Amino acid sequence: MTSRRARLVQFLGILVVMLGMVGYWLERDVQRTILDAPTRTVLGVADGAFQASFVVAGRDYDYPNAAGGFVWRDGRRVRAYAAEPVYGNRTDTILYVNVIGTKVYMIAIPRDVYLPQYQTKINAMYYYQQAEGVKQAVSEVLGLPVDYYAVVNIDVFREMVDAIGGVEVNVPYRMYHEDQAAGLLIDLQPGSQWLDGKEASDFVRFRDTELGDYDRVDNVKTLARAMLARVKALNVRAVGAIPDLWETYQDQVETNATPALVTQLLPRLSNLEIYSATLPTYYIDGTSNLGVSARRTEAMIADLFGGEARDIAEVPEATLLITNRSGVSGLELWLQQRLVSLGVPEQRLIVRTASADPAPTRLLVGANSWQQANYYAELLHVGQQQMARNEALSRTDADIELVLGQDAARFVAAQPLVVTATAEGE
């Protein structure tokens, strides 16, 4: 009897430990950003409301440039690629997704958005800095924190669409594209129809339109909306399929999302409302690179989310000399990169180092640059000092000097900077 009781106690102990581990697994999550008051105002989020932000990026196949021998496909002799296609290192589909309560907001990021602070387009960030780099880049472009990332391969995307039984989509125009060498055929008729996984992937891959990538971005938003609507319609059945979907998701998708997040999102499925937009952009100097205006981006976000835009200052045309006298090596370069990421043209920034200065960080300006210096004073929360003569400015042809003093290390601790302005700074 004692032996049986001991085994029972041991079994119960193991059971308690296992249940505790399951509970830990379900509760464990990444540390989500606590939104500050200005960000809540832009997003229209009440203090304490549920909010989870994501970057969802899609990877397609890359086909080797070198051609191999000839092969027969569909009765035609075509040149084949020398090697099998492989998943590329670019993310040509990038979505910012934010779930606030039972509302889902999506912002499509065009792949040709240029990031001057990284000297590359946003679709190449996965190649250079992997998923965390994509998440950081989207955060910097939008001026919003991003907590989660998911990088999805095109094959997994097909499987996910098939797992929910397909989606209903209104194909806006005839889609036909054939690449015999790659063995790729996209053939969709216009009109409302049910798409399986393969057809859905064709729908978002098609680019042979007058507007090219802009039309493709609209199709990505259309399909994302259709997938969310399908999951919402399935409701209970979708919940039952979550374990299988999660196993596929974890094995084949690069993500930092956790089961804890899934358990928080599931109860909201039946009441989802979906809103979407595209990041406003402009062409840079007639190139294929796209630029982003902080003011237009903020206005679009506030309009989409039903919030209120902050007053975004325009970058002054003055040249800024950043002089590092803080004693912190490389701080001037770090701040230069941060300012470029906020939209300050790199050609308007000059950096140098000098002997340590125990005085606080400050702006040194001439009589004609005081108004333009207001931008940096408000952005960096530093004081301004007018000077009749400044040899450093004279030698470098700069208009304003930012002297990084003994307190300048605070900039690193306080990132990210937020570009806002008062009435005096405009």
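Guide: Two strands pair if DSSP finds at least two bridges between them; strands (E, at least two residues) and helices (H or I, at least four) are DSSP runs, numbered from the N terminus. The model is predicted, so local features need pLDDT of at least 70 and side-chain atom pairs count only at pLDDT 80 or more, while totals for chains, interfaces and linings use all residues. Residues are numbered from 1 along each chain as its sequence is written, and side-chain values use heavy atoms, leaving out hydrogens and water.

Visitor: How many bridges join β10 to β15?

Guide: The strands β10 and β15 run antiparallel. Valine 151 stands opposite glutamate 254 in β15. The number of bridges joining β10 to β15 is two.

Visitor: Which strands stand at the edges of the sheet?

Guide: Six strands form an open sheet of mixed pairing, in the order β15-β10-β1-β6-β7-β16. An edge strand has a single partner, so one side of it is left without a neighbour in the sheet. The strands at the edges are β15 (254-255) and β16 (273-278).

Visitor: Is asparagine 153 buried or exposed?

Guide: Asparagine 153 lies in strand β10 (residues 148-153) and touches Arg59, Tyr87 and Gln252, not counting residues up to four places away in sequence; contact means heavy atoms within 4.5 Å. Buried means under 20% relative accessible area, exposed over 50%, and partly exposed in between (1.4 Å probe, protein chains only). With a relative accessible area of 12%, asparagine 153 is therefore buried.
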